[in-house]
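Let's take a friendly walk through this model together. Have the sequence and the 3D view open as you read.

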Amino acid sequence: MPETHTDVDAAPAPAAEETLVEESLVEEVSIDGMCGVY
Amino acid sequence: MRRLLSDAGSDDGTPVTTAVSPAGVAFDPAGPWQRARSVALRPEPFGALVYHFGNRKLSFLKSKTLVAVVEALAEHPSASATLVACGVTEAQRPAYEKALADLARSQMIERRTDA
């Protein structure tokens, strides 16, 4: 008989905005050296 | 990015204590700001891409609220007023002010002179 896993508690996902606020809201990327890409 | 990080300190390794960087200007939340005229903003599912045609810097804005803030800066007397108008809470405010300071440093936003 196959074993089922129905007793796993799903932790509530944190609010998306809270997660975003904890990390940087801006990420800079350098495109120098991307010859041929632009 | 590496160059920007190295710009944060002096040549002899002494930390720079001012918010002014060689690239941009100090960010004052009480001052009037706007999206830089040399910057294009493209909405994306995660927020937006911003590209500066002058210094060729590219940044990701990873919050749609931040995108709204950047777009609305020119309509308000100060960055602080913009944050309030866009619904940024007191708890979120430090992260958004840091984000705007980062954008000022990379010249994505500029201080308005008409206010």
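Which residues have the most contacts inside the largest nonpolar core? They are B:L61, B:L66, B:V70, B:Y96, B:L100, B:L103 and B:I109, in a core of 25 residues. A nonpolar core here is a set of buried Ala, Val, Leu, Ile, Met, Phe, Trp, Tyr and Cys residues joined through C-beta atoms within 7 Å. A residue is buried if 20 or more other C-beta atoms lie within 10 Å of its own, exposed if 12 or fewer, and partly exposed in between, with C-beta atoms placed from the backbone.

Before going further, a word on the source: this is a predicted model, in which local features need pLDDT of at least 70, side-chain atom pairs count only at pLDDT 80 or more, and totals for chains, interfaces and linings use all residues. Residues are numbered from 1 along each chain as its sequence is written, while chains are lettered from A and ligands numbered from 1 in the order in which they are written.

Chain B has four helices and five strands, arranged along the sequence as α-β-β-β-β-α-α-α-β. These elements are DSSP runs numbered from the N terminus: helices are H or I, at least four residues, and strands are E, at least two. Of the 115 residues in chain B, 30% are buried.

Back in the core, the elements of chain B that give two or more residues are β3, α2, α3 and α4. The largest share, six residues, comes from α4(B).

| Core element of chain B | Residues |
|---|---|
| β3 | 47-52 |
| α2 | 64-72 |
| α3 | 79-85 |

**Where the chains meet**

The contact between the chains takes 18 residues from chain B and nine residues from chain A; two residues are in contact if their C-beta atoms, placed from the backbone, lie within 7 Å. On the side of chain B that touches chain A, α4(B) gives the most, with five residues. Leaving out residues up to four places away in sequence, B:Y96 touches A:L25 as well as B:L66, B:V69, B:L83 and B:V88.

Strand β1 of chain A (residues 26-29) runs antiparallel to β4(B), joined by four bridges. In β4(B), B:L58 is the bridge partner of A:V29.

**Confidence**

The model scores ipTM 0.72 and pTM 0.69. Chain B averages a pLDDT of 84, and 77% of the residues score at least 70; pLDDT is the predictor's confidence in each residue, from 0 to 100. Over residues 1-21 of chain B the pLDDT is below 50. Where pLDDT is low, predicted coordinates should not be read in detail.

How values were computed. Two strands pair if DSSP finds at least two bridges between them.
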